[in-house]
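Q: I am new to this one and would like to go through it step by step. Could we look at it together?

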Amino acid sequence: MLSKHVTVLMGAGYVEQRKAVRDTRQRVWLRLTRQGRDAYQGHLAALRAIMGPSDPAL
């Protein structure tokens with residue numbers, strides 16, 4: 001499942017992937033692109049708007 005999600009995120013330009021073999025094992029590094037960071041921040045803002053203002057007294 002994870003590989004399918006990563007493929008979609010890469011296709012949208014949100015994630016970059018780097019692969020290498022280390023200690024005879026395949027390693028994969030993922031990194032958010034600028035576009036991915038912007039989309040993530042927008043998503044968080046939308047979730048915060050849905051939740052409403054936080055009450056520090058709680």
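Q: Where is threonine 33 found?
A: Threonine 33 is found in the loop between β2 and α2 (34–51). Helices (H or I, at least four residues) and strands (E, at least two) are DSSP runs, numbered from the N terminus.

Q: What kind of model is this, and how are residues numbered?
A: This is a predicted model, in which local features need pLDDT of at least 70, side-chain atom pairs count only at pLDDT 80 or more, and totals for chains, interfaces and linings use all residues. Residues are numbered from 1 along each chain as its sequence is written, and side-chain values use heavy atoms, with hydrogens and water left out.

Q: Back to threonine 33: buried or exposed?
A: Threonine 33 is buried, because its relative accessible area is 12%. Buried means under 20% relative accessible area, exposed over 50%, and partly exposed in between (1.4 Å probe, protein chains only).

Q: What does the side chain of threonine 33 reach?
A: The side chain of threonine 33 reaches the backbone nitrogen of glycine 36 at 3.0 Å. A polar atom of that side chain also lies 2.6 Å from the backbone oxygen of glycine 13. A polar contact is a pair of N or O atoms within 3.5 Å; within protein, one must be able to donate a hydrogen and the other to accept it, and residues adjacent in sequence count only if both atoms are side-chain atoms.

Q: And which residues is threonine 33 in contact with, leaving aside its neighbours within four places in sequence?
A: They are Gly13, Tyr14, Val15 and Glu16. Contact means heavy atoms within 4.5 Å.

Q: How many residues of helix α1 are buried?
A: The count is 1 among the 10 residues of α1 (residues 2–11), so this helix is hardly covered.

Q: Now leucine 32. Where is it, and how exposed?
A: Leucine 32 is found in strand β2. It is partly exposed, because its relative accessible area is 36%.

Q: What is leucine 32 in contact with?
A: Setting aside neighbours within four places in sequence, leucine 32 is in contact with Tyr14, Val15 and Arg37. Leucine 32 and tyrosine 14 are 18 residues apart in sequence, while their C-alpha atoms are 5.8 Å apart in space.

Q: How many bridges join the two strands, β1 and β2?
A: There are 8 bridges between strand β1 (residues 15–22) and strand β2 (residues 25–32), and the strands run antiparallel. Two strands pair if DSSP finds at least two bridges between them.

Q: Which residue in β2 is the bridge partner of arginine 18?
A: The partner is tryptophan 29. Arginine 18 also lies over the face of tryptophan 29, at 4.2 Å from the ring centre. A charge sits over a ring if NZ of Lys or CZ of Arg is within 6 Å of the ring centre and within 35 degrees of the ring normal.

Q: What are their phi values?
A: Phi of aspartate 23 is near 55°, a positive value in a residue other than glycine. Threonine 24 has a positive phi of about 65°, although it is not a glycine either.

Q: Are they buried or exposed?
A: Aspartate 23 counts as exposed because its relative accessibility is 61%. Threonine 24 counts as exposed too, at 78%.

Q: Changing topic, what is the overall pattern along the sequence?
A: The protein follows the pattern α-β-β-α, with 2 helices and 2 strands.

Q: What is its radius of gyration?
A: The protein has 17 Å, whereas a compact globule of 58 residues would have a value near 10 Å. The radius of gyration is taken over C-alpha atoms, and the globule rule is 2.2 Å times the number of residues to the power 0.38. Along its principal axes the C-alpha trace spans about 55 × 25 × 20 Å.

Q: How much of the protein counts as buried?
A: Of the 58 residues, 9% count as buried.
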